[in-house]
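Please consult the sequence and structure shown here while reading.

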Amino acid sequence: MNDHAYPVYAIDQNQQLAYINDACRAALGEEADELLGMKCRYHAAGQLPPRDQLAADLAPPPDVFAGGRAEVPLTLPAGEGQSGQYSVQFSPLQYEGGAFGALAICYPRAGAGEGSQADRRHDQLRIWRRSWRQRFSTSRLVGESAAIRRVRRQIALSSTSRLPVVIFGPVGSGREHTARTVCYARHGEGSGPVISIRSELMDAEMIQSTVRSFVRRCEEADDASNASLILLDADQLPGDAQSELFHLLRLIDMDLRIVSTARHSLLERAEHGKFREDLAYQLSTIEISLPPLCDRPEDIPLLSQALIEQLNLEGARQLRGLTEAAADALLDYDWPGNIDELAAVIAEAAAATSSVWIDADQLPKKIRHALEAKRFAAKPAEPIELDAFLAQVEEELIRRALEQTKGNKSKAAELLGVSRARLHRRLESTDSAEPTDD
């Protein structure tokens, strides 16, 4: 196998990389041999060391370990003489006891096109992770919509300074995740100590003791550099705690960066008298507004794939992705709970499926019911022309009355409870058959 012109590798029944040929070594680079024996889980999410992430890149779709075959796109860091773009053919390798491993042959490709939509989203996540993951540690920032690109630019700007940042947006939009990304975006775990404070639990005494205790710990451990305080739901901070925090921050002799989260802009709340104005300005040097999920629906399929692969990373069970029917159903939902609700839906659907795919039938009932309600509401109401309808009813009643009276207009008028003259006028305005005389 070593003489094969294309990269070839094998994964055993324990999902561990068991073999790579020389062409594969050239494609993977210097760390190729160190990958042998590592787990290859199907995910492109999570903040992992480069070697672990590279091992994950080589994982086949989960159904290969059940005896299936697959051809999927694969993008690897381009080594010397390598394109980095491959189409990988996976074949099952059966072991004793019926367990399966996988044999992979990588063929150079000109562009994307192999595999399912879920496979292409998986490869897109790999590419996205390489370009952004070292700076943005949360999958909540996945996407290519204009709104989320703006957020990533703002995070990049805020991470280059120690200026105070406020992150605001609707419930479930990922405010706390984004706050942590701001803290860790530049130096990762080396960014310095970080403390989170839940504002609704604070009063003046508690905010003072908590902040002073954190500052002392940083100074005693000689770890004050790059320290950050995350003030969660700052708009819920009581008035006495706001006053105490404002004066406390002016007294602290340490470069403590404050990253706050809120449902609404603190400056706007201050304008309406709902937040202390001087503190709002002190905390809001940089503002980052998170969009609701309904404003960036084009990101939902990729976000869903990232959340699925996060589950793959956390558990032994491996999923491949959404079917297109499931992806379409998620696009038709309004997501009042934003990304947190999407994460809960994906987790529930993943637990419900017995396949490596999440289909529309495994989505929670609220998604299916909302889709059915939207389809019903989308049907245009048929207009009712009342005069025309009543004229048709009257014409039908006259026809029946004349049939029962064998065309006798006097008896028909009596049967209908109208005068003979009125019946004549109605007959003249219709195309009814000529009745007989009395």
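## Basis of the model

The model is predicted, and local features need pLDDT of at least 70, side-chain atom pairs count only at pLDDT 80 or more, and totals for chains, interfaces and linings use all residues. Residues are numbered from 1 along each chain as its sequence is written, and side-chain values use heavy atoms, with hydrogens and water left out.

Helices (H or I, at least four residues) and strands (E, at least two) are DSSP runs numbered from the N terminus.

## The antiparallel sheet

An open sheet of 5 strands is arranged in the order β2-β1-β5-β4-β3 with antiparallel pairing; two strands pair if DSSP finds at least two bridges between them. β2 (17-20) and β3 form the edges, each pairing on one side only. On average, neighbouring strands are turned by 25 degrees against each other, direction ignored. Angles run from 0 to 180 degrees between N-to-C directions, and axes are lines fitted to C-alpha atoms, for helices over the stretch in contact.

Within this sheet, β4 and β5 (residues 100-108) run antiparallel and are joined by 9 bridges; Q94 stands opposite F100 in β5. Strand β1 (residues 8-11) is antiparallel to β2, with 3 bridges between them, and A10 has Y19 of β2 as its bridge partner. The hairpin of β1 and β2 has 5 residues between the strands, where Q15 takes a positive phi near 65 degrees.

## The parallel sheet and its helices

A further open sheet of 5 strands has parallel pairing and the order β7-β8-β9-β6-β10. Its edge strands are β7 (194-198) and β10 (286-289), each of which pairs on one side only. Strand β6 (residues 165-168) and β10 run parallel and share 4 bridges, with E287 of β10 as the bridge partner of V166.

Helix α4 (residues 146-159) lies across β6, β9 (257-262) and β10, and runs at about 155 degrees to β10. Helix α6 (residues 204-220) packs on the sheet, touching β7 and β8 (228-232), and its direction makes about 175 degrees with that of β7. Contact means heavy atoms within 4.5 Å.

## The α15–α16 pair

Helices α15 (residues 409-416) and α16 (residues 420-428) pack with their axes 9 Å apart, at an angle of about 105 degrees. That angle makes α15 roughly perpendicular to α16 (under 35 degrees counts as roughly parallel, over 145 as roughly antiparallel, 65 to 115 as roughly perpendicular and the rest as oblique). K409, S410, A412, A413 and L416 of α15 meet R420, L423, H424 and L427 of α16.

By class, this contact has 5 nonpolar, 2 polar and 2 charged residues. Ala, Val, Leu, Ile, Met, Phe, Trp, Tyr, Cys and Pro count as nonpolar, Asp, Glu, Lys and Arg as charged, and the others, Gly among them, as polar.

## Cavities

A cavity is a set of points on a 1 Å grid over the protein atoms alone where a 1.4 Å probe fits but cannot get out, and lining residues have an atom within 4 Å of a point. Points are joined across faces, edges and corners, and a volume is the space filled by probe spheres set on them. The model has 3 cavities of 30 Å³ or more.

The largest cavity has a volume of about 60 Å³. Of its 13 lining residues, A59, V72, P73, H122 and R126 are the closest to its centre. β3 (70-75), β4 (85-94) and α3 (117-132) each give two or more residues to this lining, which has 9 nonpolar, 1 polar and 3 charged residues. The second largest cavity, of about 50 Å³, has a lining that includes R140, L141, I148 and I339.

Conventions: On a 1 Å grid over the protein atoms alone, a cavity is a set of points where a 1.4 Å probe fits but cannot get out, and a pocket is an open set with protein on both sides within 12 Å along at least five of seven lines; lining residues have an atom within 4 Å of a point.
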